[in-house]
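Me: I am new to this structure and would like to be taken through it step by step. Could we begin by looking at it together?

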Amino acid sequence: YPPNGTCESASHLGYSVFWATYAVFLLSSLFFIFLASRVEKSLRLFHYITTTVTLIAAVSYYAMATHSGSTCIPTPHDSADVHAYRQVFWARYVDWLFTTPLLLMDLAFLAGMGWVDIILLTTADQGMILLGLFAGLKSRRTGHGKARWGWFVMSLVLFLYVVGLLTTTARRHAKARGGRVRKIYDTLGFYAVSLWCAYPIVWALGEGTRKIGVDAEIIAYAVLDVMSKAVFGSILLIAHMRNPETSVPL
Ligand code: RET
């Protein structure tokens, strides 16, 4: 492990944000379980998916709050920069590896997409996250330091493919389901895609170029994670409760 003080790490503020976000995900999971208890079992597909997402996020934030799930990666520092390493929270990528396909399944089932397209969508998405993890873990010193941008670009290509499927194929299916489904899909899809676009930007500013500090990165991801999991899930489940025609036969 790097010598004391040489790894640019989260401060007390960052760890408090982890705890607060952990609490938000626990409470939103309880809220979703409550919503599930009010409908019959055959109508709970979106509740199951969405509650799993917030529970996984709670576990990931618990890990990060208790100083697990991170490692220090060498940086290209100079004499003016005491930080020869930067803390990278790989626990996020484990969370995203499981939760982003589930969030996409929420949208795909809502739209009524076919299973082949759903497999393409979720597999491309998991590839995107895995390549992002490789980018984050790549040492920035000694040879091939720039290789992490190769991983970043490959991840970005898969991200564009995912966005492409959501805005063309999935949208066409949602339109075919008609009425309220089309409207709810357009609202939720636009909301999700806008938030997802911010992740590679935060990555580039944080782990990518170190323009923002570790605490700022923690706060940015916490806001994005709450918006794209807890708030997204609440909008979906409440819309679903009010519009029975959005349900999917199990
Ligand atoms: C990375 C870095 C490499 C390039 C790209 C990325 C995209 C990440 C995304 C994450 C979405 C996360 C969500 C979490 C749930 O709350 C891996 C940051 C393209 C889109 C929605």
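Predicted model: local features only at pLDDT ≥ 70, side-chain atom pairs only at ≥ 80, totals over all residues.

Me: Which elements give two or more residues to the shell around the ligand?
Reply: The shell is made up of 16 residues, and Ser155, Trp196, Tyr199, Ser228 and Lys229 are the closest of them. By class, the shell holds 10 nonpolar, four polar and two charged residues. The elements that contribute two or more residues are α3 (91-111), α4 (115-137), α5 (147-167), α7 (179-208) and α8 (214-242).

Me: How many Å separate an oxygen atom of the ligand from an N or O atom in the side chain of lysine 229?
Reply: Several side chains place an N or O atom by a ligand oxygen, and they can be taken in turn. For tyrosine 199 the distance is 3.5 Å, while for serine 228 it is 3.0 Å. For the side chain of lysine 229, the distance is 2.9 Å.

Me: Is the disulfide of cysteine 7 and cysteine 72 left-handed or right-handed?
Reply: A disulfide is a covalent bond between the sulfur atoms of two cysteines. A search of the whole structure finds one, which joins cysteine 7 to cysteine 72 with an S to S distance of 2.1 Å. This pair links distant parts of the chain, since cysteine 7 belongs to strand β1 (residues 7-8) and cysteine 72 to strand β2 (residues 71-74), 65 residues apart. Because the torsion about the S-S bond of cysteine 7 and cysteine 72 is about -95°, the disulfide is left-handed.

How values were computed: Residues numbered from 1 in each chain as written. Heavy atoms only, no water. Near = heavy atom within 4 Å. Polar contact = N/O pair within 3.5 Å; in protein donor to acceptor, adjacent residues only side chain to side chain. Helix = DSSP H or I, 4+ residues; strand = E, 2+ residues; numbered from the N terminus. Nonpolar A, V, L, I, M, F, W, Y, C, P; charged D, E, K, R; others polar. Disulfide = S-S within 2.5 Å.
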